[in-house]
Amino acid sequence: MRYRRATPLDWRDLARLVRAAFPVASFGPMSDGQIAWYCRELGPHVRLLLDDSVAFSRSLVGASIVVPRPAQRCAWLELLAVAPGQQGRGIGQQLLDLAEAATSSAGFPHLDLAVATHNEGAIRFYERRGYHRVGDEPTDALDRGSRWRYSKALTAATFAPSAALGLQA
């Protein structure tokens with residue numbers, strides 16, 4: 001597996017991954033082009049996890065977007081997506097570990113995120129990993145339905161991927 005920053009050549013593949021990983025209700029009538037635009041707008045913060053185990057193959061298996069929020073003294077997990085055929089193999093945990101390490105290394109004491117209240121699988125995933133519900137999260141144009149905000153206090157990371165992830169305190 002290889003974790004790297006997304007490039008403009010990745011936007012369309014990333015849009016397809018997001019579309020496949022999330023139910024239609026999450027992105028509503030958005031086209032792949034609109035999802036690619038959304039990801040492109042957050043470009044410096046987008047990271048991909050590629051499976052290079054097959055020669056001459058680059059298979060996108062997951063992606064994360066972590067955006068620093070200095071005014072709130074946290075980083076925000078904007079997106080964590082795992083390809084449907086890869087779910088249940090620890091890829092989500094690997095992406096979350098990298099996001100947490102980058103957040104901590106950049107000097108942010110918390111990683112926060114929002115989960116749709118109806119997404120029981122994601123809620124279980126984050127709660128098992130130490131995230132606690134801290135309130136409701138307002139919805140925006142991309143969201144459908146209500147969301148809960150979750151947060152996790154982080155300890156010092158054992159490695160410093162913050163430069164590679166572009167997080168700055």
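Buried means under 20% relative accessible area, exposed means over 50%, and partly exposed lies in between (1.4 Å probe, protein chains only). By that rule, Tyr 126 and Tyr 131 are both buried.

This is a predicted model, in which local features need pLDDT of at least 70 and side-chain atom pairs count only at pLDDT 80 or more, while totals for chains, interfaces and linings use all residues. Residues are numbered from 1 along each chain as its sequence is written, and side-chain values use heavy atoms, with hydrogens and water left out.

**Aromatic cluster**

Rings of Phe, Tyr and Trp (its six-membered ring) pair if their centres lie within 6.5 Å; planes under 30 degrees apart count as stacked, over 60 as edge-to-face and the rest as tilted. A search of the whole structure gives 2 aromatic pairs.

| Ring pair | Centre distance | Plane angle and class |
|---|---|---|
| Phe 125 and Tyr 126 | 5.0 Å | 80°, edge-to-face |
| Tyr 126 and Tyr 131 | 5.6 Å | 75°, edge-to-face |

Ring pairs join Phe 125, Tyr 126 and Tyr 131 into a cluster. Phe 125 is buried, because its relative accessibility is 15%. Tyr 126 has a relative accessible area of 8%, so it is buried.

**Helix α1**

Helices (H or I, at least four residues) and strands (E, at least two) are DSSP runs, numbered from the N terminus. Which residues of α1 are buried? They are Trp 11, Leu 14, Ala 15, Leu 17, Val 18 and Ala 21. Seen down the axis of α1, these buried residues fall within an arc of 160°, so they line one face of the helix. The arc is that of the directions from the helix axis to the C-beta atoms. An α-helix has 3.6 residues a turn, so residues three or four places apart point the same way.

Arg 19 also belongs to helix α1, which covers residues 11–21. Its relative accessible area is 25%, so Arg 19 is partly exposed. Arg 19 and Ser 31 lie 12 residues apart in sequence, with 8.8 Å between their C-alpha atoms.

**Two further arginines**

A charge sits over a ring if NZ of Lys or CZ of Arg is within 6 Å of the ring centre and within 35 degrees of the ring normal. The charged end of Arg 69 sits over the ring of Trp 76, 4.0 Å from the ring centre.

Arg 73 lies in the loop between β3 (59–69) and β4 (74–82). Arg 73 is not a glycine, yet has a positive phi of about 55°. Its relative accessibility is 54%, so Arg 73 counts as exposed.
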